[in-house]
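Subject: Structure handover

Hello,

Here is the structure I said I would pass on.

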Amino acid sequence: MDSVALDFMERQAVRFLIKMRLSDLHGNSFESFFHELMCLRDPSFLDVRTAGSLGDQGSDGMLLYGNKLYACYAPETYDAKKLVEKFEDDLAKACSKRQDQFNTFVFVHNDQRGMHPAVSKCLADARNRLSGLKFEQFGQKHFRNEVCKLDRAEVEDLLGTQLPVRELTYGVALEELEPLLDHLRSQRLRVENPDDILAVSGRKLDFNEFSDDVKDDLRRMMVRSNEIEAYYAGRVDITERDEVARGFHEEFVRLRGEFDDPDDVLWQLELYVLGNASAPLNRRRAVMAILAYFFETCDIFDNVPPELNGSRGSVKESA
C-alpha cells in the first residue's frame with residue numbers, strides 16, 4: 001500500500017488526539033507508546049528494555065545513527081524532587097554505562113503544561129557541567145510533531161482511531177506559542193520608523209514574490225521582532241526558540257510542496273498556529289508578528305542568493 005501523508009486537517013486533528021492520548025499515559029504505558037512512535041519514525045531506534053540486574057543502564061531508548069539516548073519520566077503527578085533525582089540518576093547511569101554510545105541526552109516527559117522549571121534547570125546545569133554532551137527535552141509538542149511525520153495508516157494504527165475525513169473547525173493555537181501570543185496581545189504596539197527595518201528584509205520580500213498587501217503586513221509587524229527576540233532571551237527553557245523555529249521551518253517546507261502562491265503559504269502558516277477557526281484581530285496580528293520574526297531570522301521562506309544580494313552592509317541574512 002502506498003504511503004499517504006497527512007493533510008492539513010488531519011494534522012490539526014492529531015493535535016487534539018495526541019493531547020488526549022498522552023493525558024492517559026503514565027509510567028510503562030507512556031514508555032511503550034514512546035517506543036511505538038519512535039520505531040515507526042526511525043528504523044535505527046532501539047527500544048531498550050530492562051534486563052534483570054542490568055536494568056536499562058540509564059536508557060529507555062537509543063537512536064543508533066543519531067547518537068541520541070532517551071530517558072523517560074511520566075508519573076501520574078509531578079514531584080519536583082523525584083523528577084530531579086530521576087534526571088540525575090538516568091544521566092549518571094548513561095554516562096557511566098554507555099559513555100561512548102551517545103552524544104545527546106534527551107529527557108522524555110508527559111507534562112502537558114510544557115517543560116517543568118526543574119527539568120529546565122537540570123538541562124542547563126548539565127549542559128554547563130558536561131560540555132561534551134548535548135541536551136534536549138521531548139514533550140507533548142515533540143510527540144505531536146513526530147506523529148505528524150508518519151503516513152495516515154501508521155498514525156491511525158498508533159492512535160487506534162480513524163482520522164476525520166471531513167473538514168472540522170479547530171481553534172486551539174500551538175501550545176508552545178500561547179505564552180508569546182498572550183505577551184504580544186498585552187503589549188501596546190510601538191510604531192517605529194519603517195526605515196529601521198533592515199534592507200535585506202525588503203529584498204527578501206521581493207524575492208519571495210509576495211503580494212503588495214502581504215509585504216505591507218509583514219513590514220508593519222517586523223517592528224516587533226526585537227520584542228520577540230527579547231521574549232525568547234528571557235525564557236527559562238533554553239531550547240524553546242530553536243524548537244519553535246524548527247517546527248515553522250518543517251511546516252514551511254511541507255507547505256511549499258503543496259502551494260505555489262507564497263501568500264497562500266503564509267496563510268497556511270497562520271492556520272498552523274491558530275487552527276482554522278476565526279480568531280480576534282489582535283490575536284491574528286500577534287501571529288503575523290511571530291511569522292514576520294521568523295521570516296526575518298531566515299527560518300521560513302527563501303533567502304536571497306548572495307549573487308543577487310546587492311549591498312551587504314549590515315546584512316543579517318546568513319542562514
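Predicted model: local features only at pLDDT ≥ 70, side-chain atom pairs only at ≥ 80, totals over all residues.

Overall
The chain is built from 13 helices and 5 strands. It has 319 residues, and 47% of them count as buried. Among contacts in the chain with a separation of 6 or more, 73% are between residues 24 or more positions apart.

Largest pocket
The volume of the largest pocket is about 680 Å³. Its lining consists of 31 residues, and those nearest the pocket centre are Lys68, Glu136, His142, Glu243 and Arg246. By class, this lining has 15 charged, 11 nonpolar and 5 polar residues. The elements that each contribute at least two lining residues are the helices α2 (27–41), α4 (117–129), α5 (140–147) and α11 (240–256), together with the strands β3 (68–73) and β5 (134–138). The top contributor to the pocket lining is α11, with 6 residues.

Cavities
There are 4 cavities of 30 Å³ or more. The largest cavity holds about 140 Å³ of space. Three helices, α1, α5 and α11, each give at least two residues to its lining. Here too α11 gives the most, with 4 residues. The lining of the largest cavity divides into 7 charged, 3 polar and 2 nonpolar residues. The lining residues include Arg11, Gln12 and Arg15, as well as Arg144, Asn145, Cys148 and Lys149. Gly247, Glu250, Glu251, Arg254 and Tyr272 also line this cavity.

Helix α5
Of the 8 residues in α5, 7 are buried. These are Gln140, Lys141, His142, Phe143, Arg144, Glu146 and Val147. The cover over them includes the helices α1 (8–23), α2, α6 (152–159) and α11, and the strands β4 (104–109) and β5.

The packing of α5 against α2 can be described in some detail. The two axes come within 10 Å of each other and cross at roughly 35°. This crossing is left-handed. On the α2 side the contact is made by Phe30, Phe33, Phe34, Leu37 and Arg41, and on the α5 side by Phe143, Glu146 and Val147. The residues of this contact comprise 6 nonpolar and 2 charged, with no polar ones. As a reminder on spacing, an α-helix has 3.6 residues a turn, so residues three or four places apart point the same way.

Two single residues
Gly114 sits in the loop between β4 and α4. The C-alpha atom of Gly114 is 8.4 Å from that of Lys141, 27 residues away along the chain. Lys141 is one of the buried residues of α5.

Met221 belongs to helix α9 (residues 212–221). With a relative accessibility of 4%, Met221 counts as buried, because the limit for that class is under 20%. Met221 and Ala286 are 65 residues apart along the chain, and their C-alpha atoms are separated by 8.4 Å.

Regards

Technical notes. Residues numbered from 1 in each chain as written. Heavy atoms only, no water. 1 Å grid on protein atoms, 1.4 Å probe; cavity = no way out; pocket = protein on both sides within 12 Å on 5 of 7 lines; lining within 4 Å. Points joined across faces, edges and corners; volume = space filled by probe spheres on them. Nonpolar A, V, L, I, M, F, W, Y, C, P; charged D, E, K, R; others polar. Axes fitted to C-alpha atoms, helices over the stretch in contact; angles between N-to-C directions. Left-handed = near helix turned anticlockwise from the far one by under 90°. Contact = heavy atoms within 4.5 Å. Buried < 20%, exposed > 50% of the residue type's maximum accessible area, 1.4 Å probe, protein only.
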